[in-house]
Amino acid sequence: MNEYKEFYNLLPSTPLKYWLSDIERIINWNLRKERYPQVDEWGKALSQIPNISPNFFDFKNSVSMNGFVEADLEEKLMKFHPWRKGPYFINSIHIDTEWRSDLKWERLAPHIKSLKNKTVLDIGCGNGYHMWRMLGENAKLVVGIDPQPLFIFQFFAIKKIFGNINNIWVLPMRLEDLPNSKNTFDTCFSMGVIYHRKNPNQHIKHIYEILKPGGEVILESLISVNPNNEDIIPINRYAKMRNVWRIPSLESLQNELLNAGFKNIRVVDKTKTKYSEQRKTNWMKFESLEDFLDPNDPNKTIEGYQSPIRAILIGEK
């Protein structure tokens, strides 16, 4: 994608300078249209999104901007349906996403180390909503990774609208795809990822390796609250989600962080997912939380497991 040219030019002046020899090849491979036929369609839709220089934007309290926008911008943004993470406010346009990701940010933001002048990685970042909030905390460079190409195009649509800010980038890859990154990042977020990993211990150890000494991990996950601290091992699906290998107990997550080498591990939030935080909207018209739960007992998923409860843990290297 031509949109990454500025990123390649930026790399030599950042802690990610060692990526330069590999990163373009990885990006092109992960966005190849042989694997994702819709890449051309999304690329065309992205070319129709105007570059805007906002009169005002706010990432501290929301992700919002004011400035001249074309009358059909909302229609153009709808071409990237479904929108999962947000919300975004572009003048009078409210991208009312499936997830109220701002609520999660409000739960974790008071507990993390300052992001001022930090290099930050967001694993499984989706379209990058939380990354804009990280910029609102004065991070120096924010890089997100996500393997889903639609989210990449959504990110670049928002990036164009917000003035092509140069220190925030979403890359089409998984954590395992990263070039050499040992002792690179000040802060690493892994939110809503670990229960999709066959080897969660390896995931946490990888995060430990890429953090600088003194760096911080913010790990957010579905959790099991079984009386005996037993993990949930779903048969086939959990809340209609594919690829959920294990939903850990808090004790399991804490032990995995400890075994990887993290210290000062603490649980800063535990919240049951509510309809007000995850729901269908005009910007995400497919099934959502209400369709994933037992219609006769909202405390259970449609498969009979406990309904989603999420926790946020923080640890230091």
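Start with α3, whose buried residues pack against α7 (149-161). Contact here means heavy atoms within 4.5 Å, while helices (H or I, at least four residues) and strands (E, at least two) are DSSP runs numbered from the N terminus. Before going on, note that this is a predicted model, where local features need pLDDT of at least 70, side-chain atom pairs count only at pLDDT 80 or more, and totals for chains, interfaces and linings use all residues. Residues are numbered from 1 along each chain as its sequence is written, and side-chain values use heavy atoms, with hydrogens and water left out.

Now select residues 39-47, the span of α3, and show side chains: V39, W42, A45 and L46 are the buried ones to look for. Buried means under 20% relative accessible area, exposed over 50%, and partly exposed in between (1.4 Å probe, protein chains only). Look down the axis of α3: its buried residues fall within an arc of 125°, so they line one face of the helix. That arc is taken from the directions from the helix axis to the C-beta atoms. On the other side of α3, you'll find K44 and S47 exposed.

## Stop two: a lysine inside

Next, click K76, in helix α4 (residues 73-78). Is K76 buried or exposed? It is buried, at a relative accessible area of 13%. Skipping neighbours within four places in sequence, K76 is in contact with Q48, I49 and E70.

## Stop three: the sheet

Colour the strands of the open four-stranded sheet, which run in the order β1-β2-β4-β5 with mixed pairing. β1 (56-58) and β5 (93-95) stand at the edges with a single partner strand each, so one side of each has no neighbour in the sheet. Two strands count as paired if DSSP finds at least two bridges between them. Zoom in on β1 and β2 (residues 64-66), which pair in the antiparallel sense over three bridges. Here F57 stands opposite M65 in β2.

## Last stop: the cores

Which residues have the most contacts inside the largest nonpolar core? Select I90, W132 and L171; the core itself has 91 residues. A nonpolar core is a set of buried Ala, Val, Leu, Ile, Met, Phe, Trp, Tyr and Cys residues joined through side-chain atoms within 4.5 Å. The largest share of this core, eight residues, comes from α7. Centre on I90 and, not counting residues up to four places away in sequence, you'll see that I90 touches M65, V69, L73, L77, I95, I158, I161 and F162. Finally, pick out I232, V244, I247 and Y305, which are among the nine residues of a second, separate core.
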